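Dear colleague,

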Amino acid sequence: MLEIRELTRRFGADTAVDRVSFEVPAGQMTGFVGANGAGKTTTMRMVMGVLGIDEGEVHWQGSPITRLDRRTFGYMPEERGLYPKQPILDQLVYVAQLKGMSRVEARRQVQELLERFGLGERTKDHLEKLSLGNQQRVQIIASVLPKPAALVLDEPFSGLDPLAVDSMVDLLREYTRDGIPVLFSSHQLDLVERLCDRLVVLAHGRRVAAGTVSELRGAGVPRFRLVLGGDAGWVRDQSGLDVLDLDGTTALVEVHTDGAEQHLIAEATRRGDVHEFVRVRPALSEIYREATA
Amino acid sequence: MSTHSDRTEGTEPAWVLVTRREVVSRITDKSFLLGTVLMVVLLVGFIGFSAWQDEKTETVTLGATPDAVAMASAIVDGAPEVDDQVKVTLVELDDDAAAEAALHEDEVDAWLHPVDGGWELTSESSEQDALTDVARTVVRQQVLADNAAGAGTTVEQLEAGSAVSTAFLRGDAEKAAVAEAVGFVFVFLFYFAALIFGMQLASSVIEEKQSRIVEIIAAAIPLRHLLAGKVLGNTALALIQLLVYLVVGLVGLSFTSYKSYVPALSGPTAWFIGFFLAGFIALACLWAVAGSLASRTEDLQATSTPLTMLMLVMFFGGLSLDGRSQVIASFIPPVSAVVMPKRILAGGVEWWEPLVALGLLAVFAAVTVAVGERLYRRALLQTGGRVGLRQAWSAAE
């Protein structure tokens, strides 16, 4: 498990990351979301030791993280390019060797991954000759070499077409199945919702929400939608709840007093037909908007 | 330098990997290879051309009307003594009109005839330099001898005690000229290599910084290893190129009339390689810093200005300093890297002087490596715009 404890980083008078804590449990995908400048990249760079830490600690498997631990991590920085004028096989082998693999083993693994991503025929091509999507694939391969102990990926899906997203997702799922913790940042909330077991929301350098997706969606004041056979105007007079929206026969209410929803449904059935009475869980995007507002 | 235990693990120290990548990626680069080959071709061509120039004899035909035949014959006979590369043949002509016609027809290159108070050498439009020199000397000797005889004396008596000969306390004139020329080549080679490879090093640092591959590398290995590998890789490349040029140059020289100097040049050349190595490493670290301070290739111009200034100072200092200032500069790093080899070439250097200068240069290199490493490490991971020197020095990592 990767633990981030009270991490803080200042740039001059500006506090880019302010006492941020969260966990990336083994075998789970943790999504890291937040607006531009919220501090996601700075946090990830501190985790990877690329940027100094002003305060706080990063723990790996229960003890403070070391350089050798980080060497086993897969990391994908925000902006990418690798070496534009070097054949992709050569530079991937180079990166793998820097991470401590032998040349022979590195070549074998790189070949295997290139083939898997449909680049087996292009091993001698210079990176700059590949399409952007293919360059991204090469970047992904660079970050998972050698088989990583943990993955820290900054915007891994940006610039990928849907097919490439799927093969990336498959690959990441393989790693989580093997018990590897994965932390990735993204702007694509639908993707995050689909993929992630857990979510950390950052705003202005602070953690504003964290938890599993269902925890986050279940948190907050419960909301219900009521659809009646007749006019729903009477709902306004009920106590213990706020009406958020009223449209003819449909009402959206927020319950502030425990049990108020039970009185509401009893009253509704007394008055006539009830077509629908349902708990409304906010979409991730709504939670995100509220948390970062 | 992988030890046995390294090999069993199958891994090598990070700096070795970086060095190898620098060398291999550059040496397989077409523009680098092409540049080196072109330079060698130019070098061989230049040496070949000068050798051919040295060897060839110029044959000129000199026309003379009957009143000038005696003098012209004297020139033909005297020519080899004055300039062994000029061979003069005599063509006898009937009169002035025939002479002018012969000039027009290119049957003769020049026409010698007496004029008031002397002689004139007429050619069609281009000056016959070699012939003119020969003619002047021979005519002067001849006329002087005639005049002396007329005055009842001899040329030897007239010239007695008037000779000014030159002597050098060390070496001779030709040797000094060769030393000067080779010294220029040393200064030029150093300047050329330090600038080309320095720029290359700086832009490869920017490339890594800009593409953020440096973050992947920084997460995997200490940045010290990255810097060491880049500096060593580029030093190795510069050294290989330098050795190629020097070997081609010296071998080429041995085919020319200067071949007797080749053995004497090998000592100073060996010193030069030593000074080149220390000087280049010192400057390479600074070039790496210049690269790390920039955030885009466009910034390099600005961040490398102090360095390019330093290079110019070294270049012109190396070329123009002499006397006491040259002696002083030959101990001051990094200028000593070019000035001391020049002094060694000229001769008259005490045995300990190059050692002291090289020692000082090595100390200077150690300082720039230490300072450069700190600046490089701190500036490299700063993103967003150019980094100031002071900012880089004091930045938190």
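This is a predicted model: local features need pLDDT of at least 70, side-chain atom pairs count only at pLDDT 80 or more; totals for chains, interfaces and linings use all residues.

Residues are numbered from 1 along each chain as its sequence is written, and chains are lettered from A in the order in which they are written.

Helices (H or I, at least four residues) and strands (E, at least two) are DSSP runs, numbered from the N terminus. In α6(B), B:Leu131, B:Val134, B:Ala135 and B:Val138 are buried, that is, each has 20 or more other C-beta atoms within 10 Å of its own, whereas 12 or fewer make a residue exposed, with C-beta atoms placed from the backbone. On the other side of α6(B), B:Asp129, B:Arg140 and B:Asn147 are exposed. The cover over the buried residues of α6(B) includes β3 and β4 of chain B.

Strands β3 (residues 110–115) and β4 (residues 118–123) of chain B pair in the antiparallel sense over 6 bridges, where pairing requires at least two DSSP bridges. They form a hairpin with 2 residues between them, and B:Gly117 in the turn has a positive phi of about 70°.

An automatic or database assignment gives chain B domain 1 (14–44 + 173–394) and domain 2 (58–156), with 55 Å between their centres, taken over C-alpha atoms.

Finally, 20 residues of chain B are in contact with 26 residues of chain A, contact meaning C-beta atoms, placed from the backbone, within 7 Å. α9(B) gives the most to that side of chain B, with 7 residues.

With best wishes

Methods. Two residues are in contact if their C-beta atoms, placed from the backbone, lie within 7 Å.
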